[in-house]
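Have the sequence and the model open as you read.

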Amino acid sequence: MSPSSTGLPPRPSTAAARMMIPRDSFPYKPLPENIDSIRLIILKPREEKEDGSIVRCELSHVTFAQKPRYRALSYTWGDPSDLKVIIVDGLQLRVRANLYSALRHLRAQKPGFLWADAICIDQSN
């Protein structure tokens, strides 16, 4: 019996289920222990074939010796239960809706590094 005949929504594919990573177990690449460095976000431009709701970004390790210029965002404002999905390094990550909205807005501006505590800090260590 198929899910549609039971009135249930279809189950996500195994690949899609694997891509959704809980925020507290996101597979961060460790920062070098012997070099002062930080993770920064590189927002990817909206792809033409998409409707604009998908936010894609990459994390980049940058040393303080490089004197990176970046804009900082905080996620601590807004409703903590209102979550949206963004794509970070090809994996889905849930963030607060206000951070999601800020990222959507900022990707239309000039490119550059961003730092958002909700994305850049590995909360597990």
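A disulfide is counted here as a pair of cysteine sulfur atoms within 2.5 Å. This is a predicted model, so to speak of local features takes pLDDT of at least 70, and side-chain atom pairs count only at pLDDT 80 or more, while totals for chains, interfaces and linings use all residues. Residues are numbered from 1 along each chain as its sequence is written, and side-chain values use heavy atoms, with hydrogens and water left out.

On that cut-off, the structure has 0 disulfides. C57 is in none, its nearest cysteine sulfur being that of C120 at 8.3 Å. Seen from C120, the closest cysteine sulfur is the one in C57, and 8.3 Å is too far for a bond.

Now for burial: buried means under 20% relative accessible area, exposed over 50%, and partly exposed in between (1.4 Å probe, protein chains only).

| Residue | Relative accessible area | Class |
|---|---|---|
| C57 | 3% | buried |
| C120 | 3% | buried |
| S60 | 19% | buried |

S60 sits in strand β3, residues 56–63; helices (H or I, at least four residues) and strands (E, at least two) are DSSP runs, numbered from the N terminus. Contact means heavy atoms within 4.5 Å. Setting aside neighbours within four places in sequence, S60 touches I38, R39, L40, I42 and F113.

Which residues of helix α3 (97–106) are buried? They are A97, N98, L99, Y100, L103 and L106. Their cover includes β2 (37–43), β4 (70–73), β5 (83–88), β6 (91–96), β7 (113–116) and α4 (117–120).
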